[in-house]
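Good morning, colleagues. Please look at the display first.

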Amino acid sequence: MQMADALGRTPQRSRASSNRTRILATARQKLRDNPDASLDSIAQAAGVARRTLYGHFSSRQALVAALTQEAGQALQQAFATARIPGADPLEATARMALAAWAVGDQYRLISLGRRDLRAEAIRAALAPAREESTATVRRGQDEGVFADHVPAPVLALTLEALMLALAAENAASTWADPAGEAAATALLVAAGVAPQVAALRVREVLDESEGHERRSDVRRFAASARSH
């Protein structure tokens with residue numbers, strides 16, 4: 001009997017997990033396009049009943065909180081992927097800016113979270129990424145490459161706000177910055193780096209990344225050729 005119950009509950013749990021994933025993915029798209037989208041419209045677009053959505057998220061605030069948590073995790077993972085040992089503060093900051101740009105759809109949801117959630121919820125979701133960016137800014141100030149007219153935590157939050165504003169403009173206007181080169185350069189300039197130096201350092205990181213991708217493509221092609 002216990003085995004039958006377990007077998008019966010497994011598909012139900014799988015279905016519930018699938019519904020939750022679909023609701024979040026749909027909400028991410030709908031709220032990105034229209035921050036005022038209703039829960040009813042999200043449920044309809046996700047192909048689930050209204051009660052199903054409310055079974056997972058009791059309110060709009062709960063749904064936005066889950067999306068903000070996802071955004072924080074995506075940002076943290078992007079930072080971890082971009083991180084390399086021994087990078088100086090300029091390179092490390094450029095890498096973080098470009099990494100944030102690469103997860104732009106989720107990153108922009110932080111702005112929605114700021115509108116709908118309490119500050120404590122935003123801080124909790126972004127704490128790991130903010131700690132890393134603040135530590136990098138502080139290191140840059142200690143080494144004299146970043147401006148030190150405000151404390152590192154304040155400057156780090158200012159740079160975060162700048163990136164969010166640029167990401168919103170990139171999505172909503174005719175201005176386009178596909179790789180995030182202009183945004184990352186603007187971030188370094190706002191941190192106190194000379195524009196020419198900022199542009200050069202961002203371009204160096206992009207060139208290295210593009211070179212790595214080309215080498216990876218060549219290796220995959222060679223492996224495919226050998227298998228045939």
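What pattern does the chain follow, read along the sequence? The pattern is α-α-α-α-α-α-α-α-α-α-α. The secondary structure comes to eleven helices and zero strands, where helices (H or I, at least four residues) and strands (E, at least two) are DSSP runs, numbered from the N terminus.

A word on the origin of the model. This is a predicted model, in which local features need pLDDT of at least 70 and side-chain atom pairs count only at pLDDT 80 or more, while totals for chains, interfaces and linings use all residues. Residues are numbered from 1 along each chain as its sequence is written, and side-chain values use heavy atoms, with hydrogens and water left out.

Next, the chain as a whole. Of its 228 residues, 39% are buried; buried means under 20% relative accessible area, exposed over 50%, and partly exposed in between, with a 1.4 Å probe and protein chains only. Contact means heavy atoms within 4.5 Å. Among the contacts with a separation of 6 or more, 65% are between residues 24 or more positions apart.

I turn to the interior. In soluble globular proteins, nonpolar side chains tend to be buried together. A nonpolar core here is a set of buried Ala, Val, Leu, Ile, Met, Phe, Trp, Tyr and Cys residues joined through side-chain atoms within 4.5 Å. The largest such core has 32 residues, and those with the most contacts inside it are Ile23, Leu31, Ile42, Leu63, Leu67, Leu75 and Phe79. Two or more residues each come from α1 (2-33), α2 (39-46), α4 (60-82), α5 (89-102), α7 and α8 (119-142). Which helix gives the most to this core? That is α4, with nine residues. A second, separate core has 24 residues, including Leu166, Ala167, Leu188 and Val205.

Let us now consider how helices pack. Two packed helices are described by the angle between their axes and the distance between the axes. In this model, axes are lines fitted to C-alpha atoms, for helices over the stretch in contact, and angles run from 0 to 180 degrees between N-to-C directions. Angles under 35 degrees count as roughly parallel, over 145 as roughly antiparallel, 65 to 115 as roughly perpendicular and the rest as oblique.

On the α5 side, Leu90, Thr93, Ala94, Ala97, Leu98 and Trp101 meet Glu181, Ala183, Ala184, Leu187 and Leu188 of α10.

Helix α10 also packs with helix α9 (residues 152-172): their axes come within 10 Å and cross at roughly 150°. Consequently, α9 and α10 are roughly antiparallel to each other. Leu155, Leu159, Leu162, Met163 and Leu166 of α9 make this contact with Ala183, Ala186, Leu187 and Ala190 of α10.

Setting aside residues up to four places away in sequence, Leu109 touches Arg28, Leu67 and Thr68. Its C-alpha atom is separated by 9.7 Å from that of Gln69, 40 residues apart along the chain.

Thr68 belongs to α4 and, at 1% relative accessibility, counts as buried. Not counting residues up to four places away in sequence, Thr68 touches Leu109, Gly113, Leu117, Ile122 and Ala125. The C-alpha atoms of Thr68 and Arg114, 46 residues apart along the chain, are separated by 9.1 Å.

Finally, two residues in α1. Are Asn19 and Thr26 buried or exposed? Asn19, in helix α1, counts as buried at 15% relative accessibility. Beyond its neighbours within four places in sequence, Asn19 is in contact with Val48, Thr52 and His56. Thr26, also in helix α1, counts as buried at 13%. With its neighbours within four places in sequence left aside, Thr26 is in contact with Ile42, Ala45 and Ala46.
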